[in-house]
Amino acid sequence: MGKIIVAGIGPGCKEDITPAVLEAVREADVVVGYKYYFQFIEAYVKDGCECIDTGMKKERERAEQAFQLAEQGKTVVVISSGDAGLYGMAPLIYEMREERHSSIEVEVLPGISAFQKAASLLGAPIGHDVCLISLSDLMTPWEVIERRIKAAAVGDFVTAVYNPKSHGRYWQLYRLQELFLKYRSVETPVSYVRQAGREEQEIKVTTLGDFDPEDVDMFTVIIMGNSQSYIADGKFITPRGYYREQVKEGSKIGQDIMIESFRTIESELHKKDYPLDHKWALLHAIHTTADFDMENILYTDLGAVETIYNKVKDGMVKTIVSDVTMVTSGIRKGALTRLGIEAKCYLSDPRVAEMANKEGITRTQAGIRLAVEEHPDALFAFGNAPTALMELCDLIRKGKAHPAGIIAAPVGFVHVRESKHMVKPFKDIPKIIVEGRKGGSNLAATLCNAILTFDDAAQLKPGRDL
């Protein structure tokens, strides 16, 4: 009685063929496979070994021929590229063995899969949970494939994509990208390797947003990162765990928790292609409030966060003025010290009560009047009093105030919406506004912190000054 050995010959270079597979090929009486793959093993077959090509898409005929030859007492090696058990011949051989009620011995020899080879060339992209998906719908209905794509995206799996495209299948990869963009950031690393391990090898590293399905073909393996994946020095890296067992030098446990929180929030955003500076402010706002309605109500002028940050960095802003002391209390002291600026609230200034009584205005209004006299070019942050924001708008129109920026997040039911509408027409002043009735000192403070740490936004690494 003969034997069938199902062997994975690796991705396509002799160095990646395992010794066990080479030994099996050397001892084979017959090698059965798709002709394209014979070039990788022909140097190892013995004299007199018959090599049988059953043609592309002839997997069942290939399996039947292997059994017929083994039943003649021959040792038959059935070759698959990569690993024979992964989109290869091994499952079909075992199914046919059951179908034929055959007693032929079957052995499977593993090989290095294309996604493993691609991963080694890219760096370390599969350091955490991995999902493998084939886009070929020859044997799997597209509806099933699409459900699996959604599950991989929602589950935050690193995802390797096999059979991404062919002459007849041109749209499926576009659909996969569309589905992933619903659940992943546009900055998610995406890399692909064409002809991994072969002379024609090509490697490209990009992002989910910039990925172009036209760049790939049937010989390409795509690896899409999870929410933790990043590119460093040209290498694609996915950390081993969501929480580090050891705190990195210079980091704190609180910062690690905040980083993980931001990554969780980012993965749950309904929209994935926000400009970086708006997203940075949005992540801070949601982190502080646990309110995803911030996606609908947080308004930022184009480039506002980055513009104000650059003013702070360049020394043009030396003071942050708030309407109430709770805002200044929430602004990180480490960030203020690091950047050499001061956060002030005039509410406890003895001049405020005197002015408020004399002018018949609120204490917060009086505080803003005093602040403008001393710091007309400050960054103004409002987290409580709409009357204070309205006072600043009036002083701007009179030419007495020239804010470097405005954070408008007063909260309440009286004049709150109106105060926020009043600030929008000042086109030359970068603004961050929490629209509607919502707001609060915590929001105003966290939006200040978003500005002061904008240089951490690209790496999605909040909490430096905790």
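**Exercise 1.** Find the bridge partner of alanine 381 in E18.

*Solution.* Start with alanine 381, whose partner in E18 is isoleucine 407. Next, look at the two strands: E17 (residues 379-382) and E18 (residues 405-408) run parallel and are joined by four bridges. Strands here are DSSP runs of E with at least two residues, helices are runs of H or I with at least four, and both are numbered from the N terminus. Two strands count as paired if DSSP finds at least two bridges between them.

A word on the model before going on: it is predicted, so local features need pLDDT of at least 70 and side-chain atom pairs pLDDT 80 or more, while totals for chains, interfaces and linings use all residues. Residues are numbered from 1 along each chain as its sequence is written, and side-chain values use heavy atoms, leaving out hydrogens and water.

**Exercise 2.** Work out the strand order of the open sheet, then name its edge strands.

*Solution.* The six strands follow the order E14-E19-E18-E17-E15-E16, with mixed pairing. Strand E14 (298-300) and strand E16 (342-345) each pair on one side only, which makes them the edges. Neighbouring strands are turned by 15 degrees against each other on average, direction ignored. Contact means heavy atoms within 4.5 Å.

**Exercise 3.** Which residues have the most contacts inside the largest nonpolar core?

*Solution.* This core has 47 residues, and the ones to pick are Ile320, Ile407 and Leu452. Such a core is a set of buried Ala, Val, Leu, Ile, Met, Phe, Trp, Tyr and Cys residues joined through side-chain atoms within 4.5 Å, where buried means under 20% relative accessible area (1.4 Å probe, protein chains only). Then ask who supplies the core: H17 (441-452) is among the elements giving at least two residues, and H17 gives the most, with eight. Finally, zoom in on isoleucine 320: its contacts include Ala381, Cys448 and Leu452, not counting residues up to four places away in sequence. A second, separate core of 28 residues includes Ala388, Leu392, Val423 and Ile429.

Notes:
Axes are lines fitted to C-alpha atoms, for helices over the stretch in contact, and angles run from 0 to 180 degrees between N-to-C directions. Buried means under 20% relative accessible area, exposed over 50%, partly exposed in between (1.4 Å probe, protein chains only).
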